[in-house]
Amino acid sequence: VRKDFSMFAISGNKRGGYKVDELLDSICRILGKNQVCKVVVVGAGKIGLALMNYAGFEKENVEIKAAFDIDPEKFSNDVSVPVLPLAKLAEFVRSEAIKVGVIAVPDVAAQHVADLMVSAGIKGILNFAPILLKGVGDTIVKNVNLELELENIIYFVNAREKSPERSYEKEQS
């Protein structure tokens with residue numbers, strides 16, 4: 001661990017170890033947790049709303065600044081996270097210096113939304129649509145396929161029931 005810490009200029013003492021408060025501050029700085037990460041969500045459906053209302057983001061210094069949708073019925077400025085027209089995405093991203101976006105739209109719209117995000121300057125996308133995005137340049141994309149994750153857990157549950165002596169930890173390694 002000492003060698004890993006030295007790569008980030010975190011110094012300690014061979015005999016005394018590390019000052020815990022300074023070490024935690026350094027790790028938070030490295031992980032970007034020392035500043036608020038502003039995020040936008042595109043898609044104000046069920047997944048989008050769940051993300052917008054999730055209180056756990058605040059303790060991790062993540063703030064969902066706005067959501068965007070194409071359905072005028074969903075537009076609202078009277079809530080903690082405003083829902084705006086998709087046409088305002090680029091302007092909002094630039095004016096608020098947003099670097100991270102979440103895609104919570106159907107698969108047929110996901111690539112278009114990703115293209116809009118990239119052209120607006122988004123550098124990281126969390127994609128909940130069950131489709132692999134193409135042509136996102138240097139933007140980092142993390143795909144979350146809920147169907148695949150559910151199938152994965154079902155497999156491990158069934159495998160454990162068929163062979164109880166095999167633990168989940170062994171399945172993962």
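This is a predicted model: local features need pLDDT of at least 70, side-chain atom pairs count only at pLDDT 80 or more; totals for chains, interfaces and linings use all residues.
**Notebook: a parallel sheet and its salt bridges**

Strand S2, residues 62-69, pairs with S3 in the parallel sense, and I find three bridges between them. I then looked up the whole sheet, which is open, has six strands in the order S3-S2-S1-S4-S5-S6, and shows parallel pairing. At its edges I find strand S3 (83-85) and strand S6 (140-143), each of which pairs on one side only. Neighbouring strands of this sheet are turned against each other by 25° on average, with direction ignored.

Further along the sheet, I checked S1 and S4, which run parallel and are joined by four bridges, with Val42 standing opposite Ile103 in S4. S4 and S5 also run parallel, joined by four bridges, and here Gly101 stands opposite Ile125 in S5.

Next I asked myself which strands helix H6 touches. Helix H6 (residues 107-120) packs on the sheet and touches strand S1 (37-42), strand S4 (100-103) and strand S5 (124-127), while its direction makes about 170° with that of S4.

I turned to the loop between S2 and S3, where Pro82 lies. Is Pro82 buried or exposed? I record it as buried, because its relative accessible area is 16% and the cut-off for buried is under 20%. Leaving aside neighbours within four places in sequence, I find Pro82 in contact with Lys65, Ala66, Ala67, Ser76 and Asn77. For one of these residues, Lys65, I also looked up the C-alpha separation from Pro82, which is 7.5 Å although the two are 17 residues apart along the chain.

Asp69 lies in strand S2, and at 10% relative accessibility it counts as buried. Not counting residues up to four places away in sequence, Asp69 touches Gly43, Ala44, Gly45, Lys74, Phe75, Val83, Leu84, Pro85 and Leu86. With Lys74, the side chain of Asp69 meets in a salt bridge at 3.9 Å, N to O, and this partner is partly exposed, with a relative accessible area of 33%.

How many salt bridges does the structure hold? I note five. Glu63 forms one with Lys65, where the closest N and O atoms are 3.6 Å apart; Glu63 is partly exposed at a relative accessible area of 36%, and Lys65 counts as partly exposed at 23%. These two residues belong to a network of salt bridges that links Lys38, Glu63, Lys65 and Glu96.

Asp138 forms a salt bridge with Lys123, the closest N and O atoms being 3.9 Å apart. This pair links distant parts of the chain, since Asp138 is in the loop between S5 and S6 and Lys123 is in the loop between H6 and S5, 15 residues apart. Asp138 counts as exposed at 62% relative accessibility, whereas Lys123 is partly exposed, with a relative accessible area of 44%.

My last entry concerns the surface, where Leu150, Ile153, Ile154 and Val157 form a nonpolar patch with about 340 Å² of accessible area together.

Methods
Residues are numbered from 1 along each chain as its sequence is written. Side-chain values use heavy atoms; hydrogens and water are left out. Two strands pair if DSSP finds at least two bridges between them. Helices (H or I, at least four residues) and strands (E, at least two) are DSSP runs, numbered from the N terminus. Axes are lines fitted to C-alpha atoms, for helices over the stretch in contact, and angles run from 0 to 180 degrees between N-to-C directions. Contact means heavy atoms within 4.5 Å. Patches are made of residues with over 30% relative accessible area and no salt bridge: like charges are joined within 9 Å, nonpolar side chains (Val, Leu, Ile, Met, Phe, Trp, Tyr) within 5 Å. Accessible areas come from the Shrake-Rupley method with a 1.4 Å probe; for residues, only the protein chains shown count as cover. A salt bridge is a side-chain nitrogen of Lys or Arg within 4 Å of a carboxyl oxygen of Asp or Glu. Buried means under 20% relative accessible area, exposed over 50%, partly exposed in between (1.4 Å probe, protein chains only).
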